[in-house]
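Me: I have a structure open and want to go through it piece by piece. Can you answer as I go?

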Amino acid sequence: MSFTKAQDLIELAKMANARHGGVTLEEIRDRFQVTHRTAQRMTVALEETFSGIENPTRPDRRKAWKLPEPVPAALSPPMDESIEALDFAIREARDADRHRHARTLMRLRDDLLQRVSGVRARAAETDAEAILQSVGRVARPGPRGRIDPAVADAVYDALRGPYRLRVRYRSQGGDVRERDIEPLGVLLGPRSYLVARVPEDTAFRHFRMDRILAAESTDEWIALDPSFDINAHAGEAFGSYHDPAQIGSVAWKFSPHAAQAASEFLFHPDQEQETLPDGSLLVRFTACGWLEMAWFLYQWGEEVEVLEPAGLRDLVHPGRRDFGILP
């Protein structure tokens, strides 16, 4: 067995031990990016290497592999890699204004360091800090709204419940109103939005997180809408702003000069690309958020043509100019 395969087997054993219902072939394929046949071979190796492997059946009738006994601590991944991964996760959580998650990760980091000797812990922290400094800080492009950490904590408490959330919200006109809402999820971006339902309306509402002046998670339990999926909802928009009236076909045509640069972008998860005979690039997808699209397309100047929708074309074309450089 190669060194890499041995490492994968140890990681698989830890997965089979850590997950209450065991690990399935589909989860092995996703974790290790392997084929179904390779995943089957990995489970055979798991059964041959570790004794007492159990095969529980998931509620959806999928077979799983469960290792009831803990994997020896000596087979755990290197401490410096674990600390490094946690440090990156902590920084990303802080950048996304998920301060409670950052604090939880910090406690996990401290707990991990307490389990090893002082010399090994100091070495792991030093190595992780060196990596963190060498990579540098990858800032999100452009400005973004400031979110009160206390507000973010209350929002995530309510989502975890799920509980009704009481907020003091400042409207675009400046009016401040207190209201109870039923939170469904958060869309992160330059302007982050809380997706929620309100008692007076069955449609989804979007509350700008930076305009929530105060928030409190109540103890009033709410029933989640099984038809709502935050990822599918996010996919309906180009950015974080939603306007149901604008959801429709979008088509952009990038000039032959800009085609290569444009092909390196993922404009939307469901986009389709087509290279035309003249070398230009046609990009199609379905979404809303014309204003955020216009802000982005402005960077491309005269190298992009909006074919549809007409409303977006009217926003973009009058302001186009030649910048002499591509994004």
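Me: Is S240 buried or exposed?
Reply: S240 is buried, because its relative accessible area is 3% and the cut-off for buried is under 20%. Bear in mind that this is a predicted model.

Me: Where is S240 in the chain?
Reply: S240 sits in the loop between α8 (230-234) and β8.

Me: And which residues is S240 in contact with, leaving aside neighbours within four places in sequence?
Reply: The contacts of S240 are L187, L188, G189, R191, Y193 and E292.

Me: How far is it between the C-alpha atoms of S240 and E292?
Reply: The separation is 8.6 Å, for two residues 52 apart along the chain. E292 is one of the buried residues of α10.

Me: Which other residues of α10 are buried?
Reply: M293, A294, F296 and L297. The buried residues of this helix pack against β8, β10, β11 and α11 (310-316).

Me: What about W295, buried or exposed?
Reply: W295, which is also in α10 (residues 290-297), is exposed: its relative accessible area is 57%, and the cut-off for exposed is over 50%.

Me: What surface patch is W295 part of?
Reply: A nonpolar one of about 340 Å², made by W295 together with L291 and L315.

Me: Which strands does α10 lie across?
Reply: α10 lies across β8, β10 (281-287) and β11, and runs at about 5° to β8.

Me: What is the strand order in that open sheet?
Reply: Four strands in the order β9-β10-β8-β11, with antiparallel pairing. β9 (272-275) and β11 (304-308) are the edge strands, each pairing on one side only. From one strand to the next the twist averages 20°.

Me: How many bridges join β8 to β11?
Reply: Four, between β8 (residues 248-254) and an antiparallel β11. In one of these strand contacts, F254 has V304 in β11 as its bridge partner.

Me: Changing topic: how many salt bridges are there?
Reply: The structure holds 18. One of them joins the side chains of R62 and E26, at 3.6 Å from N to O. R62 is in the loop between α3 (36-49) and β2 (64-65), while E26 is in helix α2 (residues 25-32), so the pair links distant parts of the chain, 36 residues apart.

Me: Which other residue in α2 has a partner in that loop?
Reply: E27, with R58 as its partner, 31 residues apart. Their side chains meet in a salt bridge of 3.1 Å, N to O.

Me: Last one: how many helices and strands are in the protein chain?
Reply: Eleven helices and eleven strands. Of its 327 residues, 38% count as buried.

Methods. Residues numbered from 1 in each chain as written. Predicted model: local features only at pLDDT ≥ 70, side-chain atom pairs only at ≥ 80, totals over all residues. Heavy atoms only, no water. Patch = residues over 30% accessible without salt bridge, like charges linked within 9 Å, V, L, I, M, F, W, Y side chains within 5 Å. Areas by Shrake-Rupley, 256 points an atom, 1.4 Å probe, with all protein chains shown as cover. Salt bridge = Lys/Arg side-chain N within 4 Å of Asp/Glu carboxyl O. Helix = DSSP H or I, 4+ residues; strand = E, 2+ residues; numbered from the N terminus. Buried < 20%, exposed > 50% of the residue type's maximum accessible area, 1.4 Å probe, protein only. Pairing = 2+ DSSP bridges. Axes fitted to C-alpha atoms, helices over the stretch in contact; angles between N-to-C directions. Contact = heavy atoms within 4.5 Å.
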